[in-house]
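I opened this model to see how the chain is put together. My notes follow in the order I looked things up.

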Amino acid sequence: MTQVLTGHCHCGAIRVELAPGRPVAELPVRACQCGFCRRHGARTTSDPMSRLNIEAAPGSLNRYRFGRRAVDALLCEECGVYVASMLEADGALLATLNVAGVDLDGFEDRTAEPVTYDDESDEERLARRKARWTPAVLVETLPSA
Ligand SMILES: [Zn+2]
């Protein structure tokens, strides 16, 4: 197991830890071309063999839904950074992480592959996310002293 990669939103209210299930260089980096991701300059990674922890300070989490409303985009209420998208499938949380938004360790020099998912049906979209997204835990923490 490689080292845990950390990052956080601009103000630090939302912190992430990604435990990679394979070498970091093998984790994909995607630039989704939808209107939301383009506006945020999102570059995302996900990997079913990895594990993602998201810790959000109380009140810092803004969940935004758009399009087919199947997924929560997690934004920081304070600084506005787009952190991750998350859905619940079969009782488990799955996420794709915006490595640009949280300035994640190890992704500074990576080039993102542009991707579009416009032609997918709802079923195809869910199947892709189940196959590719990262099992995740979301915790709302207490304020630190
Ligand atoms: Zn923030």
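How many helices and strands does the protein have? I count 2 helices and 11 strands. The model is predicted, and I read it as such. Along the sequence I noted the pattern β-β-β-α-β-β-β-β-β-β-β-α-β.

Overall dimensions came next. The C-alpha trace spans about 50 × 30 × 30 Å along its principal axes. I found 34% of the 145 residues buried. Of the contacts with a separation of 6 or more, 65% join residues 24 or more positions apart.

I then looked at strand β7, residues 72–76. Of its 5 residues, 4 are buried. Strand β6 (residues 61–64) pairs with β7 in the antiparallel sense over 4 bridges, and I see leucine 61 opposite cysteine 76 of β7. Strand β8 (residues 82–89) also runs antiparallel to β7, joined by 4 bridges; here leucine 74 stands opposite alanine 84 of β8. The hairpin of β7 and β8 has 5 residues between the strands, and glycine 80 in this hairpin takes a positive phi near 85°.

Last, I checked the core. The largest nonpolar core has 33 residues, and Ile54, Val83, Ala95 and Leu97 touch the most other members. β2 (14–19), β5 (51–56), β7, β8 and β9 (92–98) each give two or more residues to this core. I followed up valine 83: leaving out residues up to four places away in sequence, valine 83 touches residues including Ile14, Val16, Ile54, Leu74 and Cys76.

Conventions:
Residues numbered from 1 in each chain as written. Predicted model: local features only at pLDDT ≥ 70, side-chain atom pairs only at ≥ 80, totals over all residues. Buried ≥ 20, exposed ≤ 12 C-beta atoms within 10 Å, placed from the backbone. Pairing = 2+ DSSP bridges. Core = buried A, V, L, I, M, F, W, Y, C linked by C-beta atoms within 7 Å. Contact = placed C-beta atoms within 7 Å.
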